[in-house]
Amino acid sequence: MESLIQIINKLQDVFAVVGEHKIDLPQIVVVGSQSSGKSSVLESLVGRSFLPRGTGIVTRAPLILQMIRYSNTDLEDMIKLKKNHNIKCWASFLHKPGTIYDNFDEVRYEIENRTDVLAGANKGITHDPIVLKVFTLSYDLTFVDLPGITKVPVGDQPEDIDEQIQELIFKYVQQPNSIILAVVTANTDPSTSESLKIARKMDPEGARTIAVVTKLDLIDKGTIQDTTELLCGHKIPVKLGIIGVVNRSQKDINDNKSMKETLKSEKDFLRMNYPDIYKKHGNKVLAKKLQDILVKHIKKTYPILHKNLQDTKIRLENELKTIQTPDSKVSFILGLLKNINKSYCDTILGNRTDVSDKIIMGGARISQIINEEYLEKVNKIDPLFDLTDEQIGIILLNTAGITNSSFVNEKALENMVCRQLNNLIEPSMSSVEFVRVEMLKIFDSIDENLLETLKRFPRINSDVRNVLHMMLDDKLTHLKEFIKSYIETHQTCLNTTNPNFLFQLVRSSTEMQDSNITAFMSNTNKTKVGGNDSDEKEDEKQLKIQHFKQMLSGLNDLDGTIETSKQVKIHKCLTQCYFDFIREIIRDFVPKRIHHKIVKLVLNDFEHELDEKIFSSYVINQSFDEVLIEEEGIVEDRERVGQMLFAVNKALNNMLEIQCFT
């Protein structure tokens, strides 16, 4: 069973070498306030005094402490190596392979030196771990010792030292595979314990928390009953147990009291003060309990850990593929350009397999801009925007000049229609621009691996994006000019005899018919037509059309007594109807033109442009080496991913040994 913990130690060694990782390893994380006795607990378990001591923050880096029970063969080899027949315990650091320490004062000095290297000589902290292996006859155990919780910076400590420490602690205790060893002092109220607060926050049910109560020898004799209730689990809701310990005092440390003597003193103290429960407490009980918990936890979390490693392996392999050095530069670039074109076109045409369910993107977004946002904007335009009755009357007078105006002033109508149709130009131009911008954005939503590959090679990335920019800019300019010219054609060439316009007049100019047409029709000979109702309605409609034709032709010359306001109303209605008539044409034409002259042409020509403007240029200039110069940091990323993949594969091989125990 003990070797099961040693296998996890191997995994810790592997990932400590590669640095930052997201592998959640089963481990015991020690959490406690400064001066809570955290270091003394660890030293009692190890049986040696080796941790730095002093005031303020002493532990400033995560210390991964691996206790390894050695074999007789290991001991014989070490005696030969160190030429010391009295050696019973020794240590080594992962960052100093091959260096063996049998003097634990030297271990303390190396922890201090390594901490200064990682965290600096001031009082700051670091997330980089120190891995210490202690070979002992006692136990197989693994701990992560973290900085003591503090609230007030002391000396030259950073002002936010409490936040830095909490962040580091949360990093370890929030991992589901971590067992939280919360150190609580017996001479303080457990409800105020910072270690328990953190444990409750990260493990509300207490399912992976064990509490260690220190300083039992410092409490008042009158509070032993309260402490007994605490040790029996009546005050702290943790499910893995509560164990009380008595560690060396500062005097014991100064007097170099041995660990053997300390354990005997602890046993005597517990038997005397807690006779009913003393067998369930003490450092030996704690070590055995932690070992059992860790072994069970490793077995329980093995399937999740194994799956996590397998998923990480697949992710890293895919990541490495995107940053690997191409075997054939020519075929690599040619394939890359083809894949970029395909992914871009698939994104617009909706052929992607990885369809987003979060946002509207690609071709759907283009369609939304064209068929919804543009049409909504155009439909909201008031045909008579910024055109008052007074302005219409002035236009009528000014366009009549020195002559009397006919019933319908064609020059005035043309002037007003041209003026109002101007309001259709801006939204139409904007719609073209929005589609262009969206088509550029779509490029950033193509296959993620292709984007990562382009990021590696800044020159190719720039060239591809420039080609797309030039294509869109070229088509944008021509399309804008064409749409503007198309609208201007309708501004300058009014066709008031168009049947569709005349039918629109019949349908929509109710005010004009009610207020004005009656006067005109009363001066005109009407022919009463007999027959059924439907024939009469059709004849009536045709008669109205004839009247409108006469009015709009300007041939009629009505009685001069007709008020000018009548003409204003008529021209107002005619302007509105003609605007609506042209708007219907424009809102049908613009979306189709955008789709045909931008979207479709880019989809059809993109691959050809990539080949002609980029690949052919590279071939002619023989610049493949130049364009495949990688972005700064990619080489380091490739090495990092490669190291991590190697570590994961090594870890998976080690995991095979765990199957024997699960």
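Mentor: Strand 6 (residues 178-185) and strand 7 run parallel and pair over six bridges. To pair, two strands need at least two bridges found by DSSP. Helices (H or I, at least four residues) and strands (E, at least two) are DSSP runs numbered from the N terminus. This is a predicted model, where local features need pLDDT of at least 70, side-chain atom pairs count only at pLDDT 80 or more, and totals for chains, interfaces and linings use all residues. Residues are numbered from 1 along each chain as its sequence is written, and side-chain values use heavy atoms, with hydrogens and water left out.

Trainee: Which residue is the bridge partner of valine 183 in strand 7?

Mentor: Valine 212.

Trainee: And what unit do strand 6, helix 6 and strand 7 make?

Mentor: A right-handed β-α-β unit. Right-handed means that, with the strands pointing away from the viewer, the path from the first strand over the helix to the second runs clockwise.

Trainee: Where does the chain go from strand 7?

Mentor: Through helix 7 (residues 224-231) to strand 8, again as a right-handed β-α-β crossover. Strand 7 and strand 8 (residues 242-244) are parallel, joined by three bridges. Alanine 211 has isoleucine 242 as its bridge partner in strand 8.

Trainee: Is strand 7 mostly covered or uncovered?

Mentor: Mostly covered: six of the six residues in strand 7 (residues 209-214) are buried. Buried is under 20% relative accessible area, exposed is over 50%, and partly exposed lies in between (1.4 Å probe, protein chains only).

Trainee: Which residues point which way?

Mentor: Thr209, Ala211 and Val213 point one way, and Ile210, Val212 and Thr214 the other way.

Trainee: New topic. How many cavities of 30 Å³ or more?

Mentor: Three. A cavity is a set of points on a 1 Å grid over the protein atoms alone where a 1.4 Å probe fits but cannot get out, and its lining residues have an atom within 4 Å of a point. Grid points are joined across faces, edges and corners, and the volume is the space filled by probe spheres set on them.

Trainee: How much space lies in the second largest cavity?

Mentor: About 60 Å³. Thr209 is one of its lining residues, and others include Leu196, Arg200, Asp203 and Ile236. Helix 6 (residues 194-202) gives the largest share of that lining, three residues.

Trainee: And the largest cavity?

Mentor: About 70 Å³. Its lining includes Pro52, Arg60, Leu63 and Ile130.

Technical notes. On a 1 Å grid over the protein atoms alone, a cavity is a set of points where a 1.4 Å probe fits but cannot get out, and a pocket is an open set with protein on both sides within 12 Å along at least five of seven lines; lining residues have an atom within 4 Å of a point.
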